[in-house]
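Open the structure in your viewer and keep the selection tool at hand.

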Amino acid sequence: MDTVHFTIHRKAALSGVLLPDPLYINGRQAGTLRSGKSLFVDVPRADVYYIETDFYAFSEQNAVVCDNGQSERRLLLKRAGGWRRDSYNEFYIEQAQGWTQAPSLSFDKIISAAFADEIGRLSPEEQALALCLEFDFCVRDDLTEALSSPHLFSMIEALRKIGAHLYADLFQRIVREDFGDVPLPLDDGLSERLQDRIERANRAFFNKRAYGEFHRAAACYLVTEVIHTASVF
């Protein structure tokens with residue numbers, strides 16, 4: 001298999017010094033980076049490498065690295081912000097002229113469209129991404145928002161479209177078995193009366209394996225269907 005060797009060094013800094021960063025390349029965890037340490041990993045060669053430092057999908061602490069035919073790439077992870085504002089990660093890539101900040105994806109356009117109920121103005125690929133992003137934000141703490149969303153069934157279809165079948169199956173089974181006897185999406189009064197059911201559904205839904213599949217699917221969809229259009233840069 002043709003592979004590319006990545007060397008990724010996390011620059012030592014006081015900000016976040018005790019917090020290890022999980023590193024994902026094209027949706028798959030490549031390892032963990034600690035302050036002042038380096039990570040060495042071989043990944044299958046691809047046209048684009050989407051690199052993140054967050055367990056959750058759609059992290060804006062990311063880098064987009066295009067393949068240049070070389071067999072080795074070197075990246076530097078720096079901590080920015082801090083003191084009076086939240087700290088965050090920035091990626092730099094080694095070029096012939098030195099270290100330059102790597103391009104990254106911003107999801108502002110898609111987030112705005114999703115929560116302003118303007119998904120229809122996006123491209124078909126971005127619409128699927130927006131619905132998956134909305135679903136991810138809705139279910140991180142509690143299933144109430146997802147079950148109450150007018151996009152409930154569209155979000156399930158979008159999960160399947162990007163390839164997150166395990167995650168979609170898990171949620172659809174909960175909808176069918178636990179809420180099949182009530183009208184969906186839930187209204188405020190009904191969601192309050194069904195809190196015991198929702199709590200049980202919350203415990204059943206949060207599954208690390210299913211979420212890992214969703215994270216990989218979202219990253220692969222970004223790489224193959226969205227990044228090449230440069231529409232979310």
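Start with two helices, α5 and α7, which pass each other in a right-handed crossing. The model is a predicted one.

**Stop 1: α5 and α7**

Select residues 165-179 for α5 and 195-205 for α7. How close do their axes come, and at what angle do they cross? The axes come within 11 Å, and the crossing angle is roughly 155 degrees. Angles over 145 degrees count as roughly antiparallel, so α5 and α7 are roughly antiparallel to each other.

Now show the side chains where the two helices touch. On α5, pick Y167, L170, F171, I174, D178 and F179. On α7, pick R197, I198, A201, A204 and F205. Colour this contact by class: nine residues are nonpolar, none is polar and two are charged.

**Stop 2: α2 and α4**

Is the crossing of α2 and α4 left-handed or right-handed? It is left-handed.

Show the contact residues here too. α2 brings P124, A128, L131, C132, E134 and F135. They meet S154, M155, A158, L159, K161 and I162 of α4. By class, the α2 contact with α4 holds nine nonpolar residues, one polar and two charged.

**Stop 3: the largest pocket**

The largest pocket holds about 200 Å³. It is lined by 13 residues, and I25, N26, R28, V43 and P44 are the closest to its centre. Select those five, then widen the view.

Which elements each supply at least two residues of this lining? They are β3 (28-33), β4 (38-44) and α8 (208-226). The lining of the largest pocket has eight nonpolar residues, two polar and three charged.

**Stop 4: the second largest pocket**

The second largest pocket has a volume of about 150 Å³. To see its lining, select F55, Y56, D136, V139, R140, Y167, F205, F206, N207, K208 and Y211.

Finish by looking back at the first stop. Y167 and F205, part of the contact between α5 and α7, also line the second largest pocket.

Notes:
Residues numbered from 1 in each chain as written. Predicted model: local features only at pLDDT ≥ 70, side-chain atom pairs only at ≥ 80, totals over all residues. Heavy atoms only, no water. 1 Å grid on protein atoms, 1.4 Å probe; cavity = no way out; pocket = protein on both sides within 12 Å on 5 of 7 lines; lining within 4 Å. Points joined across faces, edges and corners; volume = space filled by probe spheres on them. Helix = DSSP H or I, 4+ residues; strand = E, 2+ residues; numbered from the N terminus. Nonpolar A, V, L, I, M, F, W, Y, C, P; charged D, E, K, R; others polar. Axes fitted to C-alpha atoms, helices over the stretch in contact; angles between N-to-C directions. Parallel < 35°, antiparallel > 145°, perpendicular 65-115°, else oblique. Left-handed = near helix turned anticlockwise from the far one by under 90°. Contact = heavy atoms within 4.5 Å.
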